[in-house]
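The exercises below are meant to be worked with the sequence and the model side by side. Try each task before reading the solution that follows it.

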Amino acid sequence: MDNAVADGFNVIVVPGYLFAEVLANWAGSNEDVHVIVVDCSQGDFESAGVYELPQNTCSLTYNEGLAGYMAGYAVVKEGYKKLGFLGGMAVPAVIRFGYGFIQGADDAAKELGNTSEVEVNYVYGGQFFGDESITAVMDTWYQNGTEIVFSCGGGIFTSAGEAAKKAGGKIIGVDVDQSVSLDGLYGDGICVTSAMKGIAPSIKAALTDLFDGNWDNYAGKIMSLGIVSGDDPEANYVQLPMDTWSMKNFTIDDYKALVSSMYEGKVNISNDIEAMPTTEIKIKVFDNIH
């Protein structure tokens, strides 16, 4: 970052919570540089001793619960009944993904009238990478009938991927469209969809406002971003990837209708992470693996 400034750059975009500690001292000492932080929460900054962002900095965070909801709703509508959620560490972002996923699956099952048939296995790995212990749990899930697992937590997807490949199961990606990487590693079609954060559109919007002289909309703020369009799903800051769509029963038109309903407030999604959502579908919670 110092080198970038020395080379004349005055706008820097950095992704991830690990930058909180870096920015604790750096941003305030470089007031002429605009810094856009992606996916760094208030808790991340406070852990680094930052309780108020300087005016040259903003942080873009995402309402993960909405993206998780979309994924859970979509795969149940597609026809999956035996679901799994494999989270990394039980940090707020991962919990929101998981609880949103459960709520989406539950609402879809209610609409289909098959709540008695839909089940979700739920576990945290306790880390953000896969290993033999986590893979063994995933092996057991798939062997016992789990059809698809929402793998949510950095590199922990390797354990879900290895187990799914052996059992002929499926995976849901997270954060970005993981279809290319997951299909490349574990077999074509293994990634059914991904619960995405709209990183590209959110950064584009922030940069556009900055260049248009509207930085005051962002200065010193930690922003939680969600659905901003009921008509264009790709403009939203949480979404499913339409370019790599592999679902057949749940169509693009169905997805657009869901997004429209969410935008209009017709879908009630709780952001509470203190307690597991109440559902009609069965949720089986496992002890943390590590």
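A residue is called buried when its relative accessible area is under 20%, exposed when it is over 50%, and partly exposed in between, with a 1.4 Å probe and protein chains only. The model is predicted, so that local features need pLDDT of at least 70 and side-chain atom pairs count only at pLDDT 80 or more, while totals for chains, interfaces and linings use all residues. Residues are numbered from 1 along each chain as its sequence is written, and side-chain values use heavy atoms, with hydrogens and water left out.

**Exercise 1. Cysteines**

Task: find how many disulfides the structure holds, taking a disulfide as a pair of cysteine sulfur atoms within 2.5 Å.

Solution. The structure holds 0 disulfides. Take Cys58, which is in no disulfide: its nearest cysteine sulfur belongs to Cys40 and is 11 Å away. Cys58 counts as buried because its relative accessibility is 0%. Cys191 is likewise in no disulfide, the nearest cysteine sulfur being that of Cys152 at 13 Å. With a relative accessible area of 4%, Cys191 is therefore buried.

**Exercise 2. The surroundings of Cys152**

Task: state where Cys152 is found, and which residues it is in contact with once its neighbours within four places in sequence are left aside.

Solution. Begin with the position, which is in strand S6; strands (E, at least two residues) and helices (H or I, at least four) are DSSP runs numbered from the N terminus. Cys152 has 2% relative accessibility and so counts as buried. Next, list the contacts, meaning heavy atoms within 4.5 Å: Cys152 is in contact with Phe85, Leu86, Gly87, Gly88, Val94, Phe97 and Val174. Of these, Phe97 is 55 residues from Cys152 along the chain, yet their C-alpha atoms are separated by 7.6 Å.

**Exercise 3. Two serines**

Task: for Ser194 and Ser229, identify the backbone nitrogen that lies by each side chain.

Solution. Ser194 is placed in strand S8, and because its relative accessibility is 0% it counts as buried. A polar atom of its side chain lies 3.1 Å from the backbone nitrogen of Gln178. Beyond four places in sequence, the contacts of Ser194 include Gly173, Asp177, Gln178 and Leu240.
Ser229, by comparison, is in the loop between strand S9 (222–225) and strand S10 (238–239), and it counts as buried because its relative accessibility is 15%. The side chain of Ser229 reaches the backbone nitrogen of Asp232 at 2.9 Å. Ser229 also touches Ala235, Asn236, Val259 and Tyr263, when residues up to four places away are not counted.

**Exercise 4. The largest nonpolar core**

Task: say which residues touch the most other members of the largest nonpolar core, a core being a set of buried Ala, Val, Leu, Ile, Met, Phe, Trp, Tyr and Cys residues joined through side-chain atoms within 4.5 Å.

Solution. Among its 46 residues, those that touch the most other members are Met70, Leu83, Phe85, Phe101, Phe150 and Met262. Elements giving two or more residues to this core include helix H4 (64–78), strand S4 (82–87), helix H5 (92–112) and helix H10 (252–263). Looking at Met262 in turn, and not counting residues up to four places away, one finds that it touches Leu66, Tyr69, Met70, Ile227, Val267 and Ile269. A second, separate core has 17 residues, among them Val123, Trp141, Tyr142 and Ile190.

Notes
A polar contact is a pair of N or O atoms within 3.5 Å; within protein, one must be able to donate a hydrogen and the other to accept it, and residues adjacent in sequence count only if both atoms are side-chain atoms.
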